[in-house]
Amino acid sequence: MNKEVLVIDDNPDIRYLICNILKEKHFSVRSAANYDQAVLEINKKVPDLAIIDIKLDRADKDGIDLLKMLIKKKNSIPIIMISGHATVQIALESIRLGAYEFIEKGASFSTDKLLNYVNRALETANLKEEKDIIENKLFHSFDLIGRSPSIVKVKKIIEKLSNAESRVLISGPTGSGKELVARKIHKLSLRNKKPFVVINAASLKEKTYERELFGQEFGDGTISFGVLDRANKGTLLIDEVTEIPIETQANILRVLIDQKFKRINGKKDVHVNIRIISSTSRNLTAEVASGKFREDLFHRLNVVPIELSPLSSRTEDIPDLINYFKRKISEINGVQEIDIDTKNDQLYTYNWPGNVRELRNLMERITIVSANETKENIDKSISDILNNKGSADNITSYKDTFTSPLKEAREHFEKEYLTIQLKKNHGNISKTADFIGMERSALHRKLKQLGIKGIN
């Protein structure tokens with residue numbers, strides 16, 4: 001399916017030129033001659049990419065305002081800003097606000113440059129979507145593994161919740177699988193065809209809680225939808241719920257009671273039907289006692305409590321977890337399953353501060369970097385990592401990229417992806433280049449740039 005580009009420029013000659021350049025390359029193209037037309041086109045359908053002139057026809061609105069509006073509607077949309085009169089400061093500001101690139105209309109403007117930026121911007125957006133898909137597969141394909149009494153108890157509670165609409169409060173240390181449990185509850189519920197939306201309260205800035213939760217309405221008629229809108233008829237997981245400010249807690253309580261809310265600057269009530277699951281790595285009872293968390297909200301959320309134990313207290317599950325992770329990770333990454341000694345004493349004496357997530361990340365790292373290694377060498381690599389020679393805390397996974405700036409996340413993804421492809425092709429550069437659709441010389445440069453050396 002052709003990618004759709006929206007071209008917004010009040011100069012008819014420039015608009016016509018850019019549209020024709022894109023159509024010749026088989027892009028689907030829409031255009032707008034001014035700010036108001038652009039808003040109408042965006043409200044009809046958000047394009048795959050937008051090219052926006054900074055200077056438009058309205059004195060009170062310009063391309064920067066459109067940039068902000070589009071980012072609010074779809075954070076991942078690639079946007080290229082163009083101008084014939086912009087200063088360096090405006091160009092930098094547009095990049096800071098989320099534009100992918102800035103192009104001058106003057107003598108330096110060229111068809112090749114425009115198409116290069118468009119293709120690169122769409123490629124970056126595709127990488128983000130692919131990572132989202134991988135992340136989605138990871139969560140939906142991984143299961144709750146273990147035969148320890150604590151895990152058996154959790155599984156039984158999840159089964160009992162399959163036909164219920166009860167609110168659930170999941171507590172447990174970081175990395176113990178709270179989001180996985182929430183997803184399993186949603187998957188077994190009658191809402192499983194509807195959205196499952198996650199908001200991590202700990203990652204939000206203090207001034208953005210209300211907007212992220214309730215959304216916002218603007219004077220020009222546009223709406224920035226919050227998570228309550230997006231989760232309607234489905235399930236909302238509020239991760240690290242104790243991080244929500246006490247003032248916002250009162251508004252959440254009102255939503256739980258009335259199942260309705262007002263967006264910021266909104267005039268009308270928005271009615272919703274949402275099942276809320278919350279999670280925390282803190283002692284919520286102690287938070288209530290200290291006055292940091294509302295007692296009435298606590299009782300509304302804590303209808304069905306689920307407690308996850310740290311991995312260090314259920315080490316009998318480690319062999320099952322290792323065998324499960326190494327199989328699933330090899331399937332997902334398309335590499336050979338590795339041979340690991342699950343009786344290695346260090347696996348049981350290590351404290352696992354990152355819990356099951358840390359074990360999963362360890363399996364992912366070992367699977368990627370130790371493919372085709374002997375069992376002895378793999379066991380030695382694990383011991384080195386757990387002895388801090390390889391720092392288990394620095395093990396990364398696809399999920400970790402979402403907390404990184406785009407440049408770092410892209411480099412991490414590319415490095416992991418190219419390492420896997422090289423291993424699959426036994427280090428053969430030509431075969432790898434053919435498979436991924438890249439010139440051999442370009443692949444050499446990319447490997448050097450990412451610091452990927454010879455693959456054994």
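Leaving aside its neighbours within four places in sequence, which residues is Asp53 in contact with?

## Asp53 and its surroundings

In this predicted model, Asp53 is in contact with Ile8, Asp9, Asp10, Gly63, Ile82, Ser83 and Lys105, once its neighbours within four places in sequence are set aside. Asp53 belongs to strand β3, which covers residues 49–53.

Buried or exposed, how does Asp53 count? Its relative accessibility is 2%, so Asp53 counts as buried, the cut-off for that class being under 20%. One of the residues in contact with Asp53 is Lys105, and the side chains of Asp53 and Lys105 are joined by a polar contact of 3.1 Å.

## The chain as a whole

The chain has 456 residues, and 47% of them count as buried. It contains 19 helices and 14 strands.

Contacts can also be sorted by separation along the sequence. Among those between residues at least 6 apart, 70% join residues at least 24 apart.

## Helices α2 and α3

Two packed helices are described by the angle between their axes and the distance between the axes. Helix α2 spans residues 35–44 and helix α3 spans residues 63–73. Their axes come within 11 Å and cross at roughly 10 degrees. Angles under 35 degrees count as roughly parallel, so α2 is roughly parallel to α3.

On the α2 side, the contact is made by Tyr35, Ala38, Val39, Ile42 and Asn43. On the α3 side, the residues are Asp65, Leu66, Met69, Leu70 and Lys73. Sorted by type, the residues of this contact comprise 7 nonpolar, 1 polar and 2 charged.

## Helix α7

Helix α7 runs over residues 178–188 and is mostly covered, with 9 of its 11 residues buried. Which residues of α7 are buried? They are Lys178, Glu179, Leu180, Val181, Ala182, Arg183, Lys184, Ile185 and His186.

## Aromatic pairs

The model has 3 aromatic pairs, counting rings whose centres lie within 6.5 Å. One of these pairs is formed by Tyr350 and Trp352. The centres of the two rings are 4.8 Å apart, with 90 degrees between the planes. The pair is edge-to-face, a class that takes in planes over 60 degrees apart. Tyr350 and Trp352 are both buried.

How values were computed:
Residues numbered from 1 in each chain as written. Predicted model: local features only at pLDDT ≥ 70, side-chain atom pairs only at ≥ 80, totals over all residues. Heavy atoms only, no water. Axes fitted to C-alpha atoms, helices over the stretch in contact; angles between N-to-C directions. Helix = DSSP H or I, 4+ residues; strand = E, 2+ residues; numbered from the N terminus. Parallel < 35°, antiparallel > 145°, perpendicular 65-115°, else oblique. Contact = heavy atoms within 4.5 Å. Nonpolar A, V, L, I, M, F, W, Y, C, P; charged D, E, K, R; others polar. Phe/Tyr/Trp six-rings, centres within 6.5 Å; stacked < 30°, edge-to-face > 60°. Buried < 20%, exposed > 50% of the residue type's maximum accessible area, 1.4 Å probe, protein only. Polar contact = N/O pair within 3.5 Å; in protein donor to acceptor, adjacent residues only side chain to side chain.
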